[in-house]
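Colleague: Hi, could you walk me through this model? I'd like to start with the strands and then jump around a bit.

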Amino acid sequence: MMTSIPSSSSLLMAVMLCANSVNYTSAWIVSSTEASVAATTADKNNELRSMMYVEEAPTTNTANPFQKLPFLFHDLEDIKMPFRNIFLRPPLTPPPPETLSSSSEASSSSWSHSIQDDSIPCTYKPIWDWQTEYFQDHLTNFEEMELPDPSLAVVQSEGTKATRVRTKWYSSKEYRLIRMTYMDGGDMTQIFTTVCYPRKNLPILGHGLLQVGDRRITISDFQPLEETHLQYADQYLQPIKDQYPSLGQEMSERFFQKGEFWSDCTLLGRFSKSSNDNDEQDMWNDLWPAYKACVQTHVQLCQEQETTAPPQDDTILLQKHAEYDAHVASRDPAIKMLTGIFGEETATKVVYEALFPLANPPDADADAQQQQQQ
């Protein structure tokens, strides 16, 4: 069900690792890999960060992945695709009341400040608000979409180290899906990621803003789905990168190989969270204008393509989006972070049903391969 967004203002593509200490990776976008690495190399006695790694990746049983997908390409209703039907709601097992709070209760409260303490601000909430308002004002038919499983819109744990993960889906004439996710774990963890999937054959817009402990990483990219997409990053993203030297740091290949859904123009910054106001201002002085420029430029590209691009095969585009989701989800350690906090079942649902909905969970992929062999 889709509801219009009012015109009034308002897990895992990052976090703060020094270039010489811990390698960068992609987080929820993008990936919270480096956030996880940073956390596990810090104070081992910190309860939240000690939960960020789990020995085994979670698995889950899902429905047959070869179901028809009535996604957002409305003119493809009769085409059978080898993807999960992300709008088919499987039977849900209610979470234990002592572990998770209800979505309605969590979503009804203000979240400009942390779930742990009202004195702790949600660091990247102003960017969330600006981005939502910009999309409202500049995208055509911008609408909020209900998640296939509405309980995943807000998932949170309880206790002194409570963590809340909030996800929203939107669509517009320009974008098949805009996914925004915010993870609030108090002063130690603040993560905001956005992935925007264009309806035209263009690179994906990916952002990750992460804070774990006293370290921050910010990353933005026009993530290429094919070789021809690199020209967009070279032409439009590189000039933005050139204006802000602090966002020109090198990406490591610890978890994600450069060139796989990454351009050569990725904006990557590493900063320290400091009580020094000058240090804080240095980050925002570059992050704010660069982030806005990336969003505005990508929106303009999509709108230009609406009028100039030749007809395309939307099934091919959806396949590329599915390959992107599968690639990022399968390599993203955010699921281990979420498993440590919420448990395996909920973590798997968040990653594969809310964050990367065209990716199949590991068990579903195994079942699909077995069926093909038969």
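Colleague: Which residues point one way from E7, and which the other way?

Modeller: Ile204, Gly206, Gly208, Leu210 and Val212 point one way, while Leu205, His207, Leu209 and Gln211 point the other way, and all are buried. Buried means under 20% relative accessible area, exposed means over 50%, and partly exposed is in between, with a 1.4 Å probe and protein chains only. Strands (E, at least two residues) and helices (H or I, at least four) are DSSP runs, numbered from the N terminus.

Colleague: Before we go on, what should I know about the model and the numbering?

Modeller: This is a predicted model, where local features need pLDDT of at least 70 and side-chain atom pairs count only at pLDDT 80 or more, while totals for chains, interfaces and linings use all residues. Residues are numbered from 1 along each chain as its sequence is written, and side-chain values use heavy atoms, with hydrogens and water left out.

Colleague: Thanks! Back to E7: why is it described as largely enclosed?

Modeller: Because 9 of the 9 residues of E7, which runs over residues 204-212, are buried, the strand is largely enclosed by the rest of the structure.

Colleague: And which strands does E7 pair with?

Modeller: E7 pairs with strand E6 (residues 189-198) in the antiparallel sense, over 8 bridges. With strand E8 (residues 215-223), E7 is again antiparallel, over 9 bridges. Two strands count as paired if DSSP finds at least two bridges between them.

Colleague: How many residues lie between the strands of each hairpin?

Modeller: The E6–E7 hairpin has 5 residues between its strands, and the E7–E8 hairpin has 2. In the turn between E7 and E8, Gly213 has a positive phi of about 65°.

Colleague: New topic, rings. How many aromatic pairs are there?

Modeller: The structure holds 12 aromatic pairs. One of them is Trp128 with Phe192: the ring centres are 5.4 Å apart and the planes are at 45°, so the pair is tilted. Rings of Phe, Tyr and Trp (its six-membered ring) pair if their centres lie within 6.5 Å, and planes under 30 degrees apart count as stacked, over 60 as edge-to-face and the rest as tilted. Trp128 lies in helix H4 (residues 125-138) and Phe192 in E6, so the pair ties together parts that are 64 residues apart in sequence. Both of these residues are buried.

Colleague: Which residues do ring pairs link into a cluster?

Modeller: Trp111, Trp128, Tyr182 and Phe192 are linked that way. Lys125 also lies over the face of Trp111, 4.8 Å from the ring centre. A charge sits over a ring if NZ of Lys or CZ of Arg is within 6 Å of the ring centre and within 35 degrees of the ring normal. The charged end of Arg179 sits over the ring of Phe356, at 5.3 Å from its centre.

Colleague: How many disulfides does a search find?

Modeller: The search of the whole structure gives 0 disulfides, a disulfide being a pair of cysteine sulfur atoms within 2.5 Å. For Cys196, the closest cysteine sulfur is in Cys302, 8.3 Å away, so that is too far for a bond. Cys196 is buried, with a relative accessible area of 0%.

Colleague: Last one: is Asn141 buried or exposed?

Modeller: Asn141 is exposed, at 57% relative accessible area. It is found in the loop between H4 and E2, and has a positive phi of about 55° although it is not a glycine. Most residues other than glycine have a negative phi.
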